[in-house]
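Visitor: Could you walk me through this one? I have not looked at it before.

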Amino acid sequence: MERAQRVLAVDVGGTKVDAMVFAGDPGTPRPTLLPETRQTFETPDQPPAQALGEFQAWLRDVASQWEVDGWAMAVAGPLAEDHRQILTSPNIPFISHARPEEWDLGLLANRPFALANDLEAAAAGEVRWGRYGIADEYVILDTISTGWGGAFINRGEVWPGEPGHNPYVPVDGLPCGCGRFGCYEAYFSGSAAARRVREHFLARGAPVPEDEDPNRRLADAAQAGELWALALLHEFGAGIGLGWAESLNRLSRLHRILYMGGFAVAMMPFMEPAIRASIRARSRFPRHWTAEGLPIQPATYTQAEPFNPTLIGAAAVWMDRFGNP
Ligand SMILES: [Zn+2]
């Protein structure tokens, strides 16, 4: 029997970096996580060149602790077409334009390396180790949290997407993090909800304290049946459903929609009826109108610890490329 291959997976996000070692046994339906290997690096508040130096030193140290066959890195930002270089990453300046395979990383040098976008990685993890068995399906995998990202999975092949930056309002819309105006993300993401909740309490003369998460309040109020919260989440559900219905009118054979991200996972029970109503009203394909015809389900790995979907996905990307058959 072949021994399990071990891969160091690294997830570079906006404020922190996560790393963990995975063991991939050929033929095992689930990845073996080694939680004792998990380490976190808080991005230092320093000029990019210095922050990069600290990050590389941390990575060298992590790599020196575990015997691995290779490593993989997923980044919350766009990559060059050849998947070797990170493009400009406004939220993670220290990693912009980097080519990680050229870094001096001690024990990781000359080990097989895979670089992936975070959503691409999450989708690869869903294909390889997901509970739904989607290898032969057409699937949308969207994450709705701070922003709204997503990928289309074409029978196992991952097509990166930018669903949150389709126009919801074509002219004079709200400003979006991407620099344009009127994107779905500006109206129906977790940060859009946080803004709306702050406005709600401000208008009542009781602003939400700066250090408090407004969406925590939204979830509690919805749970308690408060009408303002239910109405807000109904509106968000209608908007998210409209965005998905537009995709469905193009991708008529879609088998299922999977979602992840803190906002979507927490709020879905309150949003799903409105999402369904939107799809029913807008999709031209009757199969999409029912839960049997088009399941809308949480991804196998959501943000719930310790199943960081990006980290698991980075390991899956590496196994896809270099793993034992
Ligand atoms: Zn945008």
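Visitor: Before we start, what kind of model is it, and how are residues numbered?

Guide: This is a predicted model, in which local features need pLDDT of at least 70 and side-chain atom pairs count only at pLDDT 80 or more, while totals for chains, interfaces and linings use all residues. Residues are numbered from 1 along each chain as its sequence is written.

Visitor: Okay, how is the protein chain divided?

Guide: The protein chain is divided into domain 1 (5-125 + 305-322) and domain 2 (133-298), with bounds that come from an automatic or database domain assignment. Taken over C-alpha atoms, the centres of domain 1 and domain 2 are separated by 28 Å.

Visitor: How many residues of each domain are in contact?

Guide: Seven residues of domain 1 are in contact with nine residues of domain 2, where contact means that the C-beta atoms of two residues, placed from the backbone, lie within 7 Å. On the side of domain 1 that touches domain 2, the largest share, five residues, comes from H2. By class, the residues on that side of domain 1 are five nonpolar, one polar and one charged; here Ala, Val, Leu, Ile, Met, Phe, Trp, Tyr, Cys and Pro count as nonpolar, Asp, Glu, Lys and Arg as charged, and the others, Gly among them, as polar.

Visitor: How do S9 and its partners pair?

Guide: Strand S9 (residues 256-260) pairs with S10 in the parallel sense over three bridges, and the bridge partners in S10 are Pro298 for Tyr259 and Gln297 for Leu258. S6 and S9 also pair in the parallel sense, over five bridges, and Val139 stands opposite Arg256 in S9.

Visitor: Is S9 mostly covered or uncovered?

Guide: S9 is mostly covered, with four of its five residues buried. A residue is buried if 20 or more other C-beta atoms lie within 10 Å of its own, exposed if 12 or fewer, and partly exposed in between, with C-beta atoms placed from the backbone.

Visitor: Back to H2, at what angle do H2 and H8 pack?

Guide: H2 and helix H8 (residues 309-322) pack at an angle of about 70 degrees, with their axes 7 Å apart. That makes H2 roughly perpendicular to H8, since angles under 35 degrees count as roughly parallel, over 145 as roughly antiparallel, 65 to 115 as roughly perpendicular and the rest as oblique. The axes are lines fitted to C-alpha atoms, for helices over the stretch in contact, and angles run from 0 to 180 degrees between N-to-C directions. The residues of the contact of H2 with H8 divide into 11 nonpolar, three polar and three charged.

Visitor: And what about H4 and H5?

Guide: The axes of helix H4 (residues 190-203) and helix H5 (residues 214-223) come within 8 Å and cross at roughly 80 degrees, and H4 and H5 are therefore roughly perpendicular to each other. In this contact, Gly190, Ala193, Ala194, Val197 and Arg198 of H4 meet Pro214, Asn215, Arg217 and Leu218 of H5.

Visitor: Last topic: which loop holds His83, and what is its phi?

Guide: His83 is in the loop between strand S4 (70-75) and strand S5 (113-117), and the phi of His83 is near 60 degrees, a positive value in a residue other than glycine. Most residues other than glycine have a negative phi. His83 is partly exposed, because 14 other C-beta atoms lie within 10 Å.

Key
Helix = DSSP H or I, 4+ residues; strand = E, 2+ residues; numbered from the N terminus. Pairing = 2+ DSSP bridges.
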